Amino acid sequence: MSLTLNDLQARAALCLGDVTHLIWPPDLLAEAARHALAAYAVVAGVTVTVQGLDGAEQTSLPGEDSELIVQGTAAYAANLRVAARSEAYALSPQTLPVMA
């Protein structure tokens, strides 16, 4: 069975411990999948598709590489969230409390 976007999002959400998509919504997981597939393309030297992502009608990713893309999607999703959340904190030296 070939990987679809819905399968990829569900499996990545499971890896992230967020099967209800409260922390990592489907659109963020889709963007993370794009990052994972782009990294795959660089290493493999070939562009692949996943059915349902960006209008792809079929999956061209080899089945044996599906888990790699699932794990990559989860990793990129976590990285995107960290980047987004880091803006919420002011970490400049001027705002840090002075400890005596």
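Glu67 is partly exposed in this predicted model, because its relative accessible area of 38% falls between the 20% and 50% cut-offs. Its salt-bridge partner is Arg11, with N and O atoms 2.4 Å apart. Since Arg11 belongs to helix 1 and Glu67 to helix 3, the pair ties together parts that lie 56 residues apart in sequence. Arg11 also counts as partly exposed, because its relative accessibility is 33%.

The structure holds 3 salt bridges, and Arg34 takes part in the other pairings described here. Side chains of opposite charge can pair when their charged atoms come close. Within helix 2, Arg34 meets Glu31 at 3.0 Å, N to O; these residues are 3 apart, about one turn of the helix. Arg34 is partly exposed at 30% relative accessible area, and Glu31 is partly exposed at 34%. Arg34 also forms a salt bridge with Asp54, where the closest N and O atoms are 2.8 Å apart. This pair links distant parts of the chain, as Asp54 sits in the loop between helix 2 and helix 3, 20 residues from Arg34. Through shared partners, Glu31, Arg34 and Asp54 join into one network. Asp54 counts as exposed, with 57% relative accessibility.

Helix 2 itself covers residues 26–44. Its 19 residues should span 27 Å at 1.5 Å a residue, so the 26 Å between its end C-alpha atoms agrees with expectation. The buried residues of this helix are Leu29, Ala30, Ala32, Ala33, Ala36, Leu37, Tyr40 and Ala41, and what covers them includes helix 1 (5–15) and helix 3 (66–86). Gly45 follows helix 2 and has a positive phi, near 75°.

Technical notes
Residues are numbered from 1 along each chain as its sequence is written. This is a predicted model: local features need pLDDT of at least 70, side-chain atom pairs count only at pLDDT 80 or more; totals for chains, interfaces and linings use all residues. Side-chain values use heavy atoms; hydrogens and water are left out. Helices (H or I, at least four residues) and strands (E, at least two) are DSSP runs, numbered from the N terminus. The expected span of a helix is 1.5 Å times one less than its number of residues. Buried means under 20% relative accessible area, exposed over 50%, partly exposed in between (1.4 Å probe, protein chains only). Contact means heavy atoms within 4.5 Å. A salt bridge is a side-chain nitrogen of Lys or Arg within 4 Å of a carboxyl oxygen of Asp or Glu.
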